Structures are given as structure tokens and as C-alpha cells.
Amino acid sequence: MTKIVSAFPGCGKSFLTENYDSTSPVLDSDSSGYSWLHQDDGTKVRNPDFPRNYLDHIQSNIGEAAIILVSSHAEVREALAEEGIDYTLVYPETELKQDYLERFQRRGSPAAFVDLLDRKWDEFIGDLECDATPRKVVLGQGQYLSDVVDEL
């Protein structure tokens with residue numbers, strides 16, 4: 001059975017994907033390849049097929065992976081719920097903002113991304129706390145997805 005995990009940035013999706021010890025893989029489904037279209041002039045525009053195209057990708061991989069890691073964006077979580085796809089939501093405690101900003105900087109995230117998360121941290125985490133899914137795992141100080149994989 002495939003577990004769908006909607007995880008906040010910086011929770012360790014890439015690490016878990018590379019280090020999960022199982023005969024069935026973990027699929028890190030980055031939504032950016034589905035949510036943006038690259039223009040000939042180098043700019044990006046929102047893909048009008050998003051999140052449907054992303055949801056199709058997720059559904060096509062159910063049964064192919066032990067865990068599918070997906071975006072924590074509201075429109076993705078709403079689409080999962082509308083399709084009746086159960087998921088576990090993983091995000092950090094609100095108080096860990098500075099720790100996560102440092103994680104983003106250490107991993108080389110673009111300054112614009114770090115600034116966005118700095119400005120909207122409380123809004124983003126508050127939205128996750130209000131999510132209707134009954135399955136939530138809140139990461140504490142120093143925790144990553146790999147630490148809670150058995151709870152997923």
C-alpha cells in the first residue's frame with residue numbers, strides 16, 4: 001500500500017528518498033515541474049493544468065512506490081481530498097521558523113524562496129494546522145521525515 005505524504009519544505013524529502021531502506025522506493029514528487037511552464041524568453045507562467053496534471057502523476061504512481069512525497073501547497077491538498085486520496089501531512093512546529101530558514105540557506109535555496117518563507121511562515125504553518133486531514137505529524141526540534149517514517 002502506498003502512503004501519500006504531503007510535506008512542508010525542509011522536512012527532509014530528498015534525504016528520505018535517497019536513504020529509505022525498502023524494496024519499494026520513495027518517490028519525491030516535486031510539484032514545480034507540473035505547476036510552471038517555461039516560456040521561450042526564459043520566464044515562467046502558471047500551468048493552467050495544475051494541480052490536475054500533478055494529481056494524475058501522483059495517482060499513476062500509487063502502487064509503484066512505498067511512499068509518494070508531495071507538495072504541501074493548499075491546492076494540492078485540496079485536490080487530494082477531492083479525489084478521496086488519504087494523505088499524511090508533515091510540517092514543523094511554528095516555533096522552528098529560524099531553524100528552517102537556516103536549513104533552507106544551508107541547502108542553497110534561492111534567496112527569494114528563503115525570503116518568502118520568512119515573510120509567510122506563520123500563514124503557511126497556520127494553514128497546515130487547519131488542514132482537515134486527520135493524519136498529521138508535527139516535527140519537533142531537530143526532527144526530519146526520516147525520524148518519523150514509521151508514523152506515516
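Colleague: How many nonpolar residues does the lining of the second largest pocket have?
Modeller: This is a predicted model. Sort the lining of the second largest pocket by class. Two residues are polar and three are charged. The nonpolar count is six.

Colleague: What is the volume of the largest pocket, and which residues are closest to its centre?
Modeller: The volume of the largest pocket is about 1200 Å³. Its lining has 43 residues. Closest to the centre are P9, D30, H73, R107 and F113.

Colleague: Which element gives the most to the lining of the largest pocket?
Modeller: Several elements give two or more residues: α1 (13–19), α2 (32–35), β4 (44–46), α4 (74–82), α5 (97–106) and α6 (111–129). One of them gives nine residues, the most. That element is α6.

Colleague: How many charged residues are in the lining of the largest pocket?
Modeller: Take the classes in turn. The lining has 18 nonpolar and 12 polar residues. The charged residues number 13.

Colleague: In what order do the strands of the open sheet stand, and which stand at the edges?
Modeller: Five strands form the sheet, with parallel pairing. The order is β2-β5-β1-β6-β7. An edge strand has a single partner, so one side of it is left without a neighbour in the sheet. The strands at the edges are β2 (26–28) and β7 (136–139).

Colleague: What is the average twist from one strand to the next?
Modeller: The twist is taken between each strand and the next. Its average is 20°.

Colleague: Which residue is the bridge partner of K3 in β5?
Modeller: Strand β1 covers residues 3–7, and β5 covers residues 67–70. The two pair in the parallel sense over four bridges. The partner of K3 is I67.

Colleague: Which residue of β7 stands opposite L89, and which residues form the covered face of β7?
Modeller: Four bridges join β6 (residues 88–92) to β7, and the two run parallel. L89 has K136 opposite it. K136 belongs to the uncovered face, with V138. The covered face holds V137 and L139.

Colleague: How many disulfides does a search of the whole structure find?
Modeller: The search finds zero. C11 is in no disulfide, as the nearest cysteine sulfur is that of C130, 17 Å away. A disulfide needs sulfur atoms within 2.5 Å, so that distance is too far for a bond. The count is zero.

Colleague: Where is P51, and is the peptide bond from F50 to P51 cis or trans?
Modeller: P51 lies in the loop between β4 and α3 (52–61). The omega of the bond from F50 is near 10°. The bond is cis.

Colleague: Where does Y144 lie, and what separates its C-alpha atom from that of K13?
Modeller: Y144 is in the loop between β7 and α7 (145–148). Its relative accessibility is 30%, so Y144 counts as partly exposed. Y144 and K13 are 131 residues apart along the chain. Their C-alpha atoms are separated by 8.5 Å.

Technical notes. Residues are numbered from 1 along each chain as its sequence is written. This is a predicted model: local features need pLDDT of at least 70, side-chain atom pairs count only at pLDDT 80 or more; totals for chains, interfaces and linings use all residues. Side-chain values use heavy atoms; hydrogens and water are left out. On a 1 Å grid over the protein atoms alone, a cavity is a set of points where a 1.4 Å probe fits but cannot get out, and a pocket is an open set with protein on both sides within 12 Å along at least five of seven lines; lining residues have an atom within 4 Å of a point. Grid points are joined across faces, edges and corners, and a volume is the space filled by probe spheres set on the points. Ala, Val, Leu, Ile, Met, Phe, Trp, Tyr, Cys and Pro count as nonpolar, Asp, Glu, Lys and Arg as charged, and the others, Gly among them, as polar. Two strands pair if DSSP finds at least two bridges between them. Axes are lines fitted to C-alpha atoms, for helices over the stretch in contact, and angles run from 0 to 180 degrees between N-to-C directions. Buried means under 20% relative accessible area, exposed over 50%, partly exposed in between (1.4 Å probe, protein chains only).
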